[in-house]
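Please keep the sequence and the three-dimensional view at hand while reading.

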Amino acid sequence: MKIPAAPSPPTPPEEAAGSAGPPAERLPEPVLEVTGLTKRYGDVEALGGFTLSVAPGEIVGLVGHNGAGKTTFVEIVSGLVRADGGTVRVVGHDPHSARHMVGVAPQHLALYPSFTVREHLKLFGGLSGLRRGALHEAVDEVAADLRLTEFLDRPAGFLSGGQQRRAQAGTALIHRPALLLLDEPTAGADPETRQALLDTVRRRAEAGAAVVYTTHYLAELTELGATLAVAKRGRVVARGTAADLLTGLPGEVRLTFEDGTEDRRSTADPTGALVEMLAGAGRPVASVDVHKPDLDDLYRSLAVLDDD
Ligand code: ATP
């Protein structure tokens, strides 16, 4: 499976001016480099050799069934939970000394009900070293991006669920971190909240941030132009673009006829199958349903990797 080439770093002046032939192609240093992470909770193996690397400007969609280890991975990289084994490097540093370079939006909302949105943003920005003018500018910018401006002075406890989601994301984004860890940031969000979050995440990646985005929604990852990392039983078992991973998986075409009968076909070429089925239908068609491969189909195709 291919991973698309990461954006090239700017050419250093001495290389650009050199005359020793074409410059060697260099990939940028990964912002996040995780190798062989292990973590047990009693009898449960949450991570069993989790390896993942994320380049600057790359959005990685971390997907997988419930319990695959996504949140445990996010918690370890955030420095909240200690791994049993393996290594984590954030811009070459260990997670504890790199905390100011990381922005985390945890899966479960963690806001102070009596603090306003502005107080949250100032608190998190201040903890990361932003002061005075720079802090005020960052608060205004992130509030505008996340459509929170009109709620800045409202206590978090008086916000709707979607507004709280955006405020939570704001605390992750306020200091423009090199690495963003967003754990199901759109869970329970309405379309407007989802769009504000997706637009903001995409712009941050375009500006060079590395993003790990866990979700159960393939459509969000397609919209973000994310590469996928599929977690299963505490390991990344597949990595690549959605096109790489989903092409060739069978979809389903279903014709429902006016007499109430159905014709279904499982196929890797839904368009070809649809044309063929319509040509051979021989009676009036009431509706056509084309199911393209989705994450569930991908997980099923990876079931062959089960070792029990
Ligand atoms: P989801 O999609 O449901 O959020 P996930 O991929 O994020 O799932 P994790 O929350 O990382 O999965 O959990 C991985 C495994 O570790 C699960 O079997 C879970 O029950 C277990 N686990 C996670 N945290 C703890 C904990 N604090 N104590 C005991 N077991 C835990």
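Predicted model: local features only at pLDDT ≥ 70, side-chain atom pairs only at ≥ 80, totals over all residues.

Between which two strands does the loop that holds arginine 233 lie? Arginine 233 lies in the loop between strand 8 (227-232) and strand 9 (235-241).

- Six strands make up an open sheet, arranged in the order 5-6-7-3-8-9, and their pairing is mixed.
- Strand 5 and strand 9 stand at the edges; each has a single partner strand, so one side of each is left without a neighbour in the sheet.
- From one strand to the next, the twist averages 15°.
- Strand 3 (residues 59-63) and strand 8 run parallel and are joined by four bridges.
- Within this pairing, glycine 61 stands opposite leucine 228 in strand 8.

- Helix 6 lies across strand 3, strand 6 and strand 7, and runs at about 150° to strand 7.
- Arginine 194 lies in helix 6 and counts as partly exposed, at 24% relative accessibility.
- Not counting residues up to four places away in sequence, arginine 194 touches Thr186, Ala189, Tyr217 and Glu220.
- Arginine 194 and arginine 166 are 28 residues apart in sequence, while their C-alpha atoms are 8.9 Å apart in space.

**Helix 5**

- Helix 5 (residues 161-173) has 13 residues, and the distance from its first C-alpha to its last is 19 Å, close to the 18 Å expected at 1.5 Å a residue.
- Is helix 5 mostly covered or mostly uncovered? Helix 5 is mostly covered, with twelve of its 13 residues buried.
- The buried residues include Arg165 and Arg166, as well as Gln163, Gln164 and Gln168.
- Among the elements that cover the buried residues of helix 5 are strand 5 (102-105), helix 3 (117-127), helix 4, strand 6 (179-183) and helix 6 (191-206).

**Nonpolar cores**

- The largest nonpolar core has 46 residues, and those with the most contacts inside it are Ile59, Leu182, Val211, Tyr213, Leu228, Val230 and Leu298.
- Helix 4 (residues 132-145) supplies the largest share of this core, namely five residues.
- A second, separate core has 28 residues, including Val90, Val102, Ala210 and Val236.
- Leaving aside its neighbours within four places in sequence, leucine 182 is in contact with Ala105, Ala172, Val201, Val211, Val212, Tyr213 and Thr214.

**Aromatic pairs**

- How many aromatic pairs does a search of the whole structure find? The search finds two.
- Phenylalanine 50 belongs to strand 2 (residues 44-54) and phenylalanine 73 to helix 2, so the pair ties together parts that are 23 residues apart in sequence.
- Phenylalanine 50 counts as buried, at 0% relative accessibility, and phenylalanine 73 is buried with a relative accessible area of 0%.
- In the other pair, the rings of tyrosine 112 and phenylalanine 115 have their centres 5.0 Å apart and their planes at 35°, so the pair is tilted.
- Tyrosine 112 is partly exposed, with a relative accessible area of 44%; phenylalanine 115 is partly exposed, with a value of 32%.

- Arginine 233 has a positive phi of about 45° although it is not a glycine.
- Arginine 233 counts as partly exposed, at 42% relative accessibility.
- Arginine 176 is not a glycine, yet it has a positive phi of about 50°.
- The loop between helix 5 and strand 6 holds arginine 176, which is partly exposed with a relative accessible area of 46%.

How values were computed:
Residues numbered from 1 in each chain as written. Heavy atoms only, no water. Core = buried A, V, L, I, M, F, W, Y, C linked by side-chain atoms within 4.5 Å. Buried < 20%, exposed > 50% of the residue type's maximum accessible area, 1.4 Å probe, protein only. Contact = heavy atoms within 4.5 Å. Expected span 1.5 Å × (residues − 1). Pairing = 2+ DSSP bridges. Axes fitted to C-alpha atoms, helices over the stretch in contact; angles between N-to-C directions. Phe/Tyr/Trp six-rings, centres within 6.5 Å; stacked < 30°, edge-to-face > 60°.
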